[in-house]
Structure formats: structure tokens, C-alpha cells
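Trainee: I would like to learn how to read features from a structure, one at a time, with the general idea before each case. Could we go through one together?

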Amino acid sequence: MAALEDTRVESSDRPVLELVDCGKSYGNVHALRGVNLSVRQGEVTCVLGDNGAGKSTLIKIVAGLHEHSEGTMRVNGEERSFGSPRAAQALGIATVYQDLALAPLMAVWRNFFLGNEVRRGPFLDIDEMKRVAGEELTKMGIIIPDLDRPVGSLSGGQRQCIAIARAIYFGAKVVILDEPTAALGVKQSGVVLKYIVKARDAGLGVIFITHNPHHAYLVGNHFVILKLGRVVLDAHRDELDLDRLTAEMAGGQELDELSHELRGSDPGKVAPAHEVEHGGVPAPEADRADGA
Ligand SMILES: Nc1ncnc2c1ncn2[C@@H]1O[C@H](COP(=O)(O)OP(=O)(O)OP(=O)(O)O)[C@@H](O)[C@H]1O
Ligand SMILES: [Mg+2]
């Protein structure tokens, strides 16, 4: 823990991860263009954007799944290009994918050590792995009564938290969370947001991908909005408030156009039943058959 604190202080002014003028094309689709991004340890960098904005493409480059086709990526000031996810992991970049975060059929402790198993001679040291997994999860306040339970039986929020705890324990410098709250309800989202803060306080650089400006603003130090593959906003917390972030995210101009289009359609109106039957949604097959 102390070691992590030290790294944080040492490198807080130099980005741990930096993209300069990065681009990525898939054939003639420019998924990303001219993207600049700085991620610092001990900070939460939120990447926001609508569907197709390029968020996942950005993550794939940083996680080593795809190589960028233009620009430069630096890790701790050194230029890098990852040929594989392993190369990114070796430099301390951990990625928590929404669905693939963990192996659902395996026990909690097994998932915690997946790919980093502890051995005693030729055998897996199961007792040790259970002990450490239990200790680390408890330290983060994640209560899982039975570590032998398959991860698939846990809630989506708990799974995300285990993946975050694992990244911290194995010494990640950067943890990328791809829409960790997208499929969660309010309460579980809150739990995941709490662990995002814990990862930040442990000195990690957190990249939090989300559609949700409210979630971003609850935990973010730094906000980047992507639109059609370009950065349209890059601001620190003291430069904007939640209203501005929400407006930028919604695309101020597009909202104006939409409100113009919807003008005259009273949002408070409740359509009378006969309008629904005749002019609105077609009646279900069964009803029509009965009525005939
Ligand atoms: N493998 C691919 N081949 C071709 N085009 C791709 C590929 N992956 C992404 N794209 C295109 O690149 C653009 C950015 O996609 P990306 O998945 O990065 O967006 P996103 O911001 O993650 O969207 P969402 O919120 O829907 O997940 C889109 O136009 C998409 O169709
Ligand atoms: Mg995506």
C-alpha cells in the first residue's frame, strides 16, 4: 500500500498514460481521429460519448487488443505500441470488460487469481489463494460469504468490484472500466462507483467509460467527451459543473433541434384509448382474432 502511495505522489504530474493525436481506421471507417488523452495516477478520467463515438475503440488500443493507426501512445513517458493484451498488462494496464470481467463458472477465489495462480511445488496452493482473496476483498469492504461460489451467481455489481480488487492487488497502474454501471440499477451502480473511488485512492489511474454524466460527475476528476471519433470536450472538474457536462454530453444543438421537432406535441398528454386502438399501436394478434 505504501509503495502505491509513493508512486502516486511521484508521478502525479506526469501522465502514466498518454495518447497524442491518435487515430484508428477500420478499412475506410475512421473510428478515432486526432485523439489526445492524458491519464494520471490517483485520478479518475471519465470518457463519455454516445453510441459509436469511439469509446470501445479507444479502450481496445490502450488495452492492447488493437493497434492505433496514427499518432503516439506513451506509458510512463515512453512511446509504446502494444501487440497484445499481455503487453499492456505487463505495463500495469488492467481492463475490466463489462461482460468478460470474470469466468462465470469458476469460484470467486479462482477468478481472483486467474492467470496469476499461486503454486506450492507443482500444485495449486488453494488454501493460500482463498486466504488472500478473502483478505483482499474484505479490505475493500466487499463481503462475499462463500468464496467457493461461482462468480456467475453473484450480482453484476459484485463481479465488477471483484475485478477492481484484483487489478489493485496485482499492482495495476491503470485500470480501465468499460461501462461498468451500464447494466446496473441505482444501488449496485453506487457500489461500483465506491470502488472506483477506492481504486483512485490506492493510487491507480482509473479510466471510467460511461454514457452517464451523473455517474461520471460523482467520481470524476477529468472528463473527455468523444463524438464521432473526435474529442469534443476535455476539461477538469474545476472547469465545469454537472449541468454543463450533461448539456455537452447530450449535444446542446441536437437537443435544441429535438425540442423544435417535438414542439406542439404535449409531453403531458395521455392518449385516449380509442386513438391507441385505431391510430396508434396495432392491437395484438390474439385480440383481433377474438374480436373477429
Ligand atoms: N471492428 C470494427 N470494424 C469496423 N468498424 C468498426 C469496428 N469497431 C468499431 N467500428 C466502428 O467504429 C466506430 C466507433 O465504434 P466504437 O465501438 O468504438 O463506439 P462506442 O463509443 O464504444 O459505442 P457504444 O457506446 O455503442 O459501445 C463506429 O462507427 C463503429 O461502427
Ligand atoms: Mg462501446
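Trainee: Is Leu 226 buried or exposed?

Mentor: A residue is called buried if 20 or more other C-beta atoms lie within 10 Å of its own, exposed if 12 or fewer do, and partly exposed in between, with the C-beta atoms placed from the backbone. Leu 226 counts as buried because it has 23 C-beta neighbours inside 10 Å. Please keep in mind that this is a predicted model, in which local features need pLDDT of at least 70, side-chain atom pairs count only at pLDDT 80 or more, and totals for chains, interfaces and linings use all residues. Residues are numbered from 1 along each chain as its sequence is written, while chains are lettered from A and ligands numbered from 1 in the order in which they are written.

Trainee: Which residues does Leu 226 touch?

Mentor: Two residues are in contact if their C-beta atoms, placed from the backbone, lie within 7 Å. Leaving out residues up to four places away in sequence, Leu 226 touches Val 47, Gly 49, Ala 53, Gly 54, Lys 55 and Val 231. Leu 226 belongs to strand S11 (residues 222-227), where strands (E, at least two residues) and helices (H or I, at least four) are DSSP runs numbered from the N terminus.

Trainee: What surrounds ligand 1?

Mentor: For such a shell, a residue is near a molecule if its C-beta atom, placed from the backbone, lies within 6 Å of it. The residues around ligand 1 include Gly 49, Ala 53, Gly 54 and Lys 55, and helix H2 (55-63) gives the most to the shell, with three residues.

Trainee: Where do the buried residues of helix H7 lie around its axis?

Mentor: In H7, the buried residues are Ser 189, Val 192, Leu 193, Tyr 195, Ile 196, Ala 199 and Arg 200. Seen down the axis of H7, they fall within an arc of 160 degrees, so they line one face of the helix; the arc is that of the directions from the helix axis to the C-beta atoms.

Trainee: What is the phi of Asn 76?

Mentor: Most residues other than glycine have a negative phi. Asn 76 has a positive phi of about 50 degrees although it is not a glycine, and Asn 76 sits in the loop between strand S4 (70-75) and strand S5 (78-80).
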